[in-house]
Amino acid sequence: VGKKVQAIYLWWHKPVINKELLQSLPNLKVIANSGVGMDHLDLKLVASFGVKMANAPRAVSSSTADTGMALLLASARRLVEVHNISISPSMEYREADVLGVKLAGATLGIIGMGSIGYKIALRAKAFEMKILYHNRTRRKVQDEQAVGATYCRRIDSLLQQADFVMLVVSLTPQTHKLIGKKELELMKPTATLINISRGAVVDQEALVAALQTGVIRAAALDVTSPEPLPRDHPLLKLKNVIITPHLGIKTDKATYMITEEAVENILAALSGLPLPSEVLPS
């Protein structure tokens, strides 16, 4: 049926798009992705076959921003730890053992201020947090003023000031292991790292060492490398880590909206119209 296939809808990186598959589909016109990240695709290879590509940025931004804030709150108030205390047979604890971090007045540093990062800033403003951000390009002044965000041209400056650092960048060669030993050591010892982008944006070995030795206070991760982690991975044994299984966009409404957005892009490509969410190779 290869000659009949004109569109592919990728769900959770499947099917795998490689040269052999592209060669077997001579009439393929478009690949629509169920999400924003396109790091699982060789964009230049796909484009060389004359195939257009699209993602689903509109559908995922709010749900992913919610996931980021949920992880921030859960880590700040140590929800996993206190849940385990609450269901334990003895329920013995000292108040000093469950003290969390107050969000009002704390500084959130957002690395990656696209549509998701900006929605995180909107949510953080409601929690009365101070907001710093680092981005490839500075946002408009009115955007900054709307959320009370301050631009940091250098990532080092953001890392040194933030109580919470949230990663919201795409995985590219430039962002691979963006946060490593040097960056972690720049952070406050009371700081928390939150990653809702891709696992490979963080050097996990350096993160394990930083968490074990008190270089930073805690981490909350919706993404790891690989996913899932091997069951004997040291990150799974640390009390100051929360890990979720790439929840990002996983809500009932977001899943429906992603499919709608993908269909919209596919129909546009098949009709020879501009794709609403076209992604071009860089």
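In this predicted model, Ala 219 stands opposite Val 241 in strand S10. The strand pair behind this contact is S9, residues 218-221, and S10. S9 and S10 run in the parallel sense and are joined over three bridges.

Both strands belong to an open sheet of seven strands. The order across the sheet is S6-S5-S4-S7-S8-S9-S10, and the pairing is parallel. Strand S6 (149-151) and strand S10 (241-243) stand at the edges. Each has a single partner strand, so one side of each is left without a neighbour in the sheet. On average, neighbouring strands are turned by 15° against each other, direction ignored.

Helices pack on this sheet. Helix H3, residues 57-76, touches strands S4 (107-111), S7 (164-167) and S8 (192-195), together with S9 and S10. The direction of H3 makes about 150° with that of S7. Helix H9, residues 204-213, also packs on the sheet and touches S8, S9 and S10. The direction of H9 makes about 140° with that of S9.

Helix H5 covers residues 115-126, twelve residues in all. From its first C-alpha to its last, H5 reaches 17 Å. This is close to the 16 Å expected at 1.5 Å a residue. The buried residues of H5 are Ile 116, Gly 117, Tyr 118, Ile 120, Ala 121 and Ala 124. These buried residues pack against H3, S4, S5, helix H6 (141-147) and S7.

After H5 comes Glu 128. Glu 128 lies in the loop between H5 and S5. Its phi is near 60°, a positive value in a residue other than glycine. Glu 128 counts as exposed because its relative accessibility is 59%, and the cut-off for exposed is over 50%. Arg 78 likewise is not a glycine, yet has a positive phi of about 55°. Arg 78 sits in the loop between H3 and helix H4 (79-86).

The structure holds two aromatic pairs. In one of them, Tyr 9 and Trp 11 are edge-to-face. Their centres lie 6.1 Å apart, with 65° between the planes. Tyr 9 is partly exposed, at 28% relative accessibility. Trp 11 is partly exposed as well, with a relative accessible area of 39%.

The rings of Tyr 133 and Tyr 151 form a tilted pair, because their planes stand at 50°. The ring centres are 5.2 Å apart. This pair links distant parts of the chain. Tyr 133 lies in strand S5 (residues 130-134) and Tyr 151 in strand S6, 18 residues apart. Tyr 133 is buried, with a relative accessible area of 0%. Tyr 151, at 21% relative accessibility, counts as partly exposed.

Two cis peptide bonds follow. The bond from Lys 14 to Pro 15 is cis, with omega near 0°. Pro 15 lies in the loop between strand S1 (7-10) and helix H1 (19-24). The bond from Glu 227 to Pro 228 is also cis, with omega near -10°. Pro 228 is found in the loop between S9 and S10.

The protein chain is divided into two parts: domain 1 (2-55 + 251-271) and domain 2 (60-243). The centres of domain 1 and domain 2, taken over C-alpha atoms, are separated by 31 Å. Eight residues from domain 1 and four residues from domain 2 take part in the contact.

Notes. Residues are numbered from 1 along each chain as its sequence is written. This is a predicted model: local features need pLDDT of at least 70, side-chain atom pairs count only at pLDDT 80 or more; totals for chains, interfaces and linings use all residues. Side-chain values use heavy atoms; hydrogens and water are left out. Two strands pair if DSSP finds at least two bridges between them. Helices (H or I, at least four residues) and strands (E, at least two) are DSSP runs, numbered from the N terminus. Axes are lines fitted to C-alpha atoms, for helices over the stretch in contact, and angles run from 0 to 180 degrees between N-to-C directions. Contact means heavy atoms within 4.5 Å. Rings of Phe, Tyr and Trp (its six-membered ring) pair if their centres lie within 6.5 Å; planes under 30 degrees apart count as stacked, over 60 as edge-to-face and the rest as tilted. Buried means under 20% relative accessible area, exposed over 50%, partly exposed in between (1.4 Å probe, protein chains only). The expected span of a helix is 1.5 Å times one less than its number of residues. Domain bounds come from an automatic or database domain assignment.
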